[in-house]
Amino acid sequence: MTFIHDIAPDFPLHGLLDPQGQLSADTPDAQRDPALWQRAHAHIRFTRRFDRAAIHLQRTGRLGTYASCYGQEAISTAIGLALQASDVFAPYYRDQAAQLLRGVTPLDILRFWGGDERGSAFARAPEDLPNCIPIATQLPHAAGIASAIKWRQQARAVLATCGDGATSRGDFYEALNLAGVWHLPLVIVINNNQWAISVPLHAQTACRTLAQKAVAAGIPGVRVDGNDVLAVHAVVTEALVRARAGKGPTLIEAVTWRLCDHTTADDMSRYADAAARTAAEAREPLRRLEQLLITHHLWDAGKAAATDAEQEAEIVAATDAWLNDAPPAPTDMFDFLQAHLPDDLRRQRDDFLQRQRAAATPTIRLPPAQHSEDSP
Ligand SMILES: Cc1ncc(C[n+]2csc(CCOP(=O)(O)OP(=O)(O)O)c2C)c(N)n1
Ligand SMILES: [Mg+2]
């Protein structure tokens with residue numbers, strides 16, 4: 001008898017840049033390009049700086065709940081660098097790095113986490129989906145977009161992201177199955193940060209890897225070191241090239257560790273082992289990239305100071321723009337909901353406007369009418 005476990009295919013962890021900043025001998029030419037290293041490095045630094053500023057705004061009561069991406073920036077940065085402008089990106093809530101590379105602005109992101117609908121109306125990435133908070137619902141949407149692209153015979157790909165916890169949801173399996181059976185130009189990248197809020201991966205699934213979930217959908221599944229921006233860039237680029245060329249979908253599991261609280265509403269010290277966190281910190285993505293640049297004389301204290309000043313100025317400008325932002329129109333909650341409001345919501349909107357106008361018109365308040373107990 002052969003047990004299914006014995007024949008489960010193996011999913012090795014792909015890597016190019018190790019935690020000491022050593023580049024593997026089999027690194028493809030595209031990932032040997034110092035311009036790519038510098039771009040990725042500058043962007044991870046920028047995203048990290050922006051992330052800190054957003055947490056600071058939340059901690060001082062000037063931003064709503066915020067989901068940090070600290071320690072996981074390499075995955076999203078590689079995605080942003082691998083996507084072409086004509087592709088479609090369906091993010092989840094830890095994809096600040098890719099969104100910034102797609103032309104979503106820091107102000108857009110602050111507006112989003114501040115509860116302002118204008119933060120999802122990206123001027124420079126109009127076809128990308130807005131940030132997705134409901135777990136995994138972006139994945140069937142992405143499969144739908146991919147099927148439209150296939151129907152129109154366009155050489156474009158859709159890339160959707162999700163977390164490890166999201167892979168337990170029906171939406172994940174449905175999207176994957178549809179992508180397989182319809183051979184869709186869809187790439188799904190899982191940010192496996194080992195946690196779904198306080199639920200560790202081993203309590204989430206009995207699977208040894210998340211990449212192997214591709215097997216049931218009949219599509220390729222790839223496992224990559226999510227702290228290695230060059231390896232993620234290589235596997236995502238390859239999957240996107242395949243998708244655009246009509247060669248079907250890919251599932252990518254990018255393995256990392258959530259070095260931050262789930263959101264600013266969480267305190268991971270209550271459930272995460274401090275030693276495991278320290279071990280994970282040693283494998284974070286920025287230091288190894290910095291080491292690679294130093295080895296090739298592309299990074300030094302002077303460059304750091306100049307970049308720091310430039311990035312700080314950009315973030316201060318975005319923060320100021322957010323703090324001085326004109327308030328959104330209250331009708332935004334209707335107007336950003338659906339392209340064509342159904343009648344009941346249209347009536348609610350009209351009613352809301354009427355009440356608002358009435359509230360704004362000063363009225364003389366009369367004392368309540370006197371009436372006897374038995375009046376109708
Ligand atoms: C449909 C749905 N169920 C539950 C939640 C509450 N929730 C928010 S984040 C989260 C955990 C998600 O974990 P994972 O997919 O691993 O992503 P991560 O936050 O770790 O990046 C849950 C259960 C939600 N937002 N949507
Ligand atoms: Mg997770």
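The shell around ligand 1 divides into 8 nonpolar, 5 polar and 3 charged residues. Here Ala, Val, Leu, Ile, Met, Phe, Trp, Tyr, Cys and Pro count as nonpolar, Asp, Glu, Lys and Arg as charged, and the others, Gly among them, as polar. This is a predicted model, in which local features need pLDDT of at least 70 and side-chain atom pairs count only at pLDDT 80 or more, while totals for chains, interfaces and linings use all residues. Residues are numbered from 1 along each chain as its sequence is written, and chains are lettered from A and ligands numbered from 1 in the order in which they are written.

Of the 16 residues around ligand 1, the nearest are Ile135, Gly163, Gly165, Ala166 and Ala196; a residue is near a molecule if its C-beta atom, placed from the backbone, lies within 6 Å of it. Two or more residues of this shell come from each of β3 (158-163) and β5 (195-196). Strands (E, at least two residues) and helices (H or I, at least four) are DSSP runs, numbered from the N terminus.

An open sheet is formed by 6 strands in the order β1-β7-β8-β4-β3-β2, with parallel pairing. Two strands pair if DSSP finds at least two bridges between them. β1 (13-14) and β2 (88-90) stand at the edges with a single partner strand each, so one side of each has no neighbour in the sheet.

| Strand pair | Bridges | Residues opposite each other |
| β7 and β8 | 5 | Val222 and Ile252 |
| β1 and β7 | 2 | Leu13 and Arg223 |

From β7 the chain crosses through helix α10 (residues 229-244) to β8 in a right-handed β-α-β crossover, that is, clockwise from the first strand over the helix to the second with the strands pointing away from the viewer.

Strand β8 (residues 250-255) is largely enclosed by the rest of the structure, because 6 of its 6 residues are buried. Buried means that 20 or more other C-beta atoms, placed from the backbone, lie within 10 Å of the residue's own. Thr250, Ile252 and Ala254 point one way from β8, and Leu251, Glu253 and Val255 the other way. In a regular strand the side chains alternate between the two faces of the sheet.

The largest nonpolar core has 81 residues, and Val158, Leu186, Val187, Val236 and Ile252 touch the most other members. Such a core is a set of buried Ala, Val, Leu, Ile, Met, Phe, Trp, Tyr and Cys residues joined through C-beta atoms within 7 Å. Its largest share, 10 residues, comes from α10.

How values were computed: A residue is buried if 20 or more other C-beta atoms lie within 10 Å of its own, exposed if 12 or fewer, and partly exposed in between; C-beta atoms are placed from the backbone.
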